[in-house]
Amino acid sequence: RHPRTHWCVLDWFHVGIRASAFKHGQSREAILHAVRRHLAMDDIDDWLGERRVRLIGPNLAGHLLVVMATQKPNRLVVFHAQPLKPGRSRKGARHDN
């Protein structure tokens, strides 16, 4: 069983991981790896005043994950992480690299 929220400091902001992010079997390390090395990021919407974003990045084995999180200045809280399904579009994704 996972604690309610995990916190980790990455290069540019704090990252928290809610227990709900582990629902699809991804480890804390795999989620942080995907966030740190994301290939694309796009805005989903604003929810209760918080900006929600989707990141696509590799887990430790190199398989792509879809990570969804709320974002505030210097803080990202991951609430969902699952493998990217084959054939899914990243239409509208912002490429950072």
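Is Asp-43 buried, partly exposed or exposed, and what is its relative accessible area? Asp-43 is partly exposed, at a relative accessible area of 45%, where buried stands for under 20%, exposed for over 50% and partly exposed for values in between (1.4 Å probe, protein chains only). The model is a predicted one, in which local features need pLDDT of at least 70 and side-chain atom pairs count only at pLDDT 80 or more, while totals for chains, interfaces and linings use all residues. Residues are numbered from 1 along each chain as its sequence is written, and side-chain values use heavy atoms, with hydrogens and water left out.

The chain contains 1 helix and 7 strands, arranged from the N terminus as β-β-α-β-β-β-β-β. Helices (H or I, at least four residues) and strands (E, at least two) are DSSP runs numbered from the N terminus. Of the 97 residues in the chain, 42% are buried. The accessible surface amounts to about 6100 Å², and carbon and sulfur atoms account for 50% of this area; the areas were computed by the Shrake-Rupley method with a 1.4 Å probe, and for residues only the protein chains shown count as cover. Among contacts (heavy atoms within 4.5 Å) between residues at least 6 apart in sequence, 42% join residues at least 24 apart.

Confidence is expressed as pLDDT, the predictor's score for each residue from 0 to 100. The mean pLDDT of the chain is 81, and 74% of the residues score at least 70. Helix 1 (residues 28–36) has the highest confidence, at 94, and strand 7 (residues 94–95) the lowest, at a mean of 45. Residues 92–97 have a pLDDT below 50, and this stretch makes 17 contacts in the model beyond near neighbours in sequence. Where pLDDT is low, the predicted coordinates should not be read in detail.

Strand 4 (residues 50–58) is largely enclosed by the rest of the structure, because 7 of its 9 residues are buried. Strand 4 pairs with strand 5 (residues 64–72) in the antiparallel sense over 8 bridges, pairing being assigned if DSSP finds at least two bridges between two strands. Within this pairing, Val-53 has Ala-69 of strand 5 as its bridge partner. The two strands form a hairpin with 5 residues between them, and Gly-62 in the turn has a positive phi of about 90 degrees. In a regular strand the side chains alternate between the two faces of the sheet.

The structure holds 3 salt bridges, each defined by a side-chain nitrogen of Lys or Arg within 4 Å of a carboxyl oxygen of Asp or Glu. In one of them, Asp-42 is joined to Arg-54, with 2.6 Å between the closest N and O atoms. This pair links distant parts of the chain, Asp-42 being in strand 3 (residues 40–47) and Arg-54 in strand 4, 12 residues apart. Asp-42 is buried, with a relative accessible area of 8%, whereas Arg-54 is partly exposed at 29%. Asp-43 forms a salt bridge with Arg-51, where the closest N and O atoms are likewise 2.6 Å apart. Arg-51 is partly exposed, with a relative accessible area of 29%. A salt bridge also forms between Lys-72 and Glu-50, at 3.5 Å between the closest N and O atoms. Lys-72 belongs to strand 5 and Glu-50 to strand 4, so this pair ties together parts that are 22 residues apart in sequence. Lys-72 is partly exposed, with 37% relative accessibility.

The largest nonpolar core comprises 17 residues, and those with the most contacts inside it include Val-15, Ile-17, Ile-31, Val-35, Val-67, Leu-76 and Val-78. Such a core is a set of buried Ala, Val, Leu, Ile, Met, Phe, Trp, Tyr and Cys residues joined through side-chain atoms within 4.5 Å. At least two residues of this core come from each of strand 2 (14–18), helix 1, strand 4, strand 5 and strand 6 (75–83). Helix 1 supplies the largest share, 4 residues. Apart from neighbours within four places in sequence, Ile-31 is in contact with Ile-17, Ala-21, Phe-22, Gln-26, Val-78 and Ala-81.

Thr-70 lies in strand 5 and is buried, at 12% relative accessibility. Not counting residues up to four places away in sequence, Thr-70 touches Glu-50, Arg-51, Arg-52, Arg-75, Leu-76, Val-77 and Phe-79. Asn-74 is located in the loop between strand 5 and strand 6 and is exposed, with a relative accessible area of 54%.
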